[in-house]
Amino acid sequence: MNTRAEPPPNRGIGCFGKGCLILIVLAILFIVVGVGGTYWGLRHVYLSDKPAPIPETTAPTETSAATPGETNVAMPSEKSAEVRERLDTMKKAARGHEQTEVELSAADINALIAANRKSRGTASVGINDTVLQAQFSIPLERLDVPFRNAFGLNDRYLNATVTIVAPPGTNVDSVQLSEVTLNGHGIPAGLLDWGLPGVGRSLRSYVIKYANQYGVTGGEIRDGKVILHTSGH
C-alpha cells in the first residue's frame with residue numbers, strides 16, 4: 001500500500017528559535033535599563049522604528065527572500081538538514097563518550113537560521129578568520145516580551161551586532177562577547193553573565209544548556225569556521 005511521505009519534523013537546532021530570541025532581547029533590554037536608560041532612550045536611542053538590513057540567509061534551494069516581518073513557512077533546505085545530521089552525529093558521539101569535533105561555516109549556521117520560521121530573517125552570521133559577527137534585527141511585535149505593550153514598543157526593532165572571538169581552549173564557561181552594539185550604540189559586552197530579572201539565571205546558563213544538549217565541551221573560531229569539540233569523557 002502506498003503512503004504519502006510526511007515532511008521531516010522540525011527538530012531542535014539549539015539557540016535559533018523563538019525562545020532564544022526572547023532571551024537575547026530580554027538580556028539586552030534589561031542591560032540598557034540597568035545602566036541608567038530611560039523609556040525615551042530605550043524607545044528612540046537603543047531601539048529603532050525600522051529593521052536593519054540583514055544579509056540574505058535563505059539557502060540556495062529556497063526561492064523567496066526573507067524579511068524581519070516574514071511569517072511564511074519554508075521547507076528546511078538540504079543544507080540545514082545536512083548540518084543537523086552532523087550535529088546529531090556529534091550528540092551520539094558525546095553520549096558514547098567519543099571524542100569528536102564538528103566544523104560549522106557561516107553558511108552552515110545561516111542555513112539553520114533560515115530553516116527555522118521563528119528565526120528566519122532576524123539574524124545572520126559572518127566569520128572572518130577568527131572573528132564571528134552576528135547581526136540581529138528582531139521585531140518586538142513578534143515576541144512576548146514583558147512590558148512591550150505597556151511601553152508601546154510593538155513597532156520597535158532591536159537591531160544589534162555581536163562580535164565573538166574564541167581562541168583554542170575556549171569553553172561555554174569562558175566564552176565572552178568581544179563587542180555588542182545596539183542600534184549603533186555600544187553596551188556592556190558582559191551580558192552573558194548578567195542575571196535576568198525575574199528569572200535569576202544568566203544568559204550564559206542557557207548557552208551551557210544548549211551546549212550540553214549536543215555534548216559540546218569546548219570550541220574555537222579559526223580559519224573562518226566555528227569548531228565544536230566533545231571531550232570523550
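**Helix packing, sheet and core**

Biologist: At what angle do H3 and H4 pack, and how is that arrangement classed?

Modeller: In this predicted model, H3 and H4 pack at an angle of about 110 degrees, with their axes 8 Å apart. An angle of 65 to 115 degrees falls into one class. The relation of H3 to H4 is therefore roughly perpendicular.

Biologist: How many nonpolar, polar and charged residues make up the contact of H3 with H4?

Modeller: H3 contributes Lys79, Ser80, Val83, Arg84, Arg86 and Leu87 to this contact. From H4 come Ala107, Asp108, Ala111, Leu112 and Ala115. Sorted by class, the contact of H3 with H4 has 6 nonpolar, 1 polar and 4 charged residues.

Biologist: Across which strands do these two helices lie?

Modeller: Helix H3, residues 78-95, runs at about 160 degrees to S1. Helix H4, residues 106-115, runs at about 80 degrees to S1. H3 lies across S1 and S8, and H4 likewise lies across S1 and S8.

Biologist: Which strands stand at the edges of the sheet, and why is one side of each left without a neighbour?

Modeller: The sheet is open and antiparallel, with 3 strands in the order S1-S8-S7. Each edge strand has a single partner strand, so one side of it has no neighbour in the sheet. Neighbouring strands are turned by 20 degrees against each other on average, direction ignored. The edge strands are S1 (100-105) and S7 (218-222).

Biologist: Which residue in the turn between S7 and S8 has a positive phi?

Modeller: S7 and S8 form a hairpin, with 2 residues between the strands. One turn residue has a phi of about 55 degrees. That residue is Asp223.

Biologist: Which residues does Ser202 contact, leaving aside its neighbours within four places in sequence?

Modeller: Ser202 is found in the loop between strand S6 (185-187) and helix H5 (203-213). At 17% relative accessibility it counts as buried. Its contacts are Leu192, Asp193, Trp194 and Gly195.

Biologist: Which residues have the most contacts inside the largest nonpolar core?

Modeller: This core has 41 residues. Leu87 touches Val102, Leu104, Leu112 and Tyr214, not counting residues up to four places away in sequence. The residues with the most contacts inside the core are Leu87, Leu104, Leu132 and Val226.

Terms used:
Residues numbered from 1 in each chain as written. Predicted model: local features only at pLDDT ≥ 70, side-chain atom pairs only at ≥ 80, totals over all residues. Heavy atoms only, no water. Pairing = 2+ DSSP bridges. Helix = DSSP H or I, 4+ residues; strand = E, 2+ residues; numbered from the N terminus. Axes fitted to C-alpha atoms, helices over the stretch in contact; angles between N-to-C directions. Contact = heavy atoms within 4.5 Å. Parallel < 35°, antiparallel > 145°, perpendicular 65-115°, else oblique. Nonpolar A, V, L, I, M, F, W, Y, C, P; charged D, E, K, R; others polar. Buried < 20%, exposed > 50% of the residue type's maximum accessible area, 1.4 Å probe, protein only. Core = buried A, V, L, I, M, F, W, Y, C linked by side-chain atoms within 4.5 Å.
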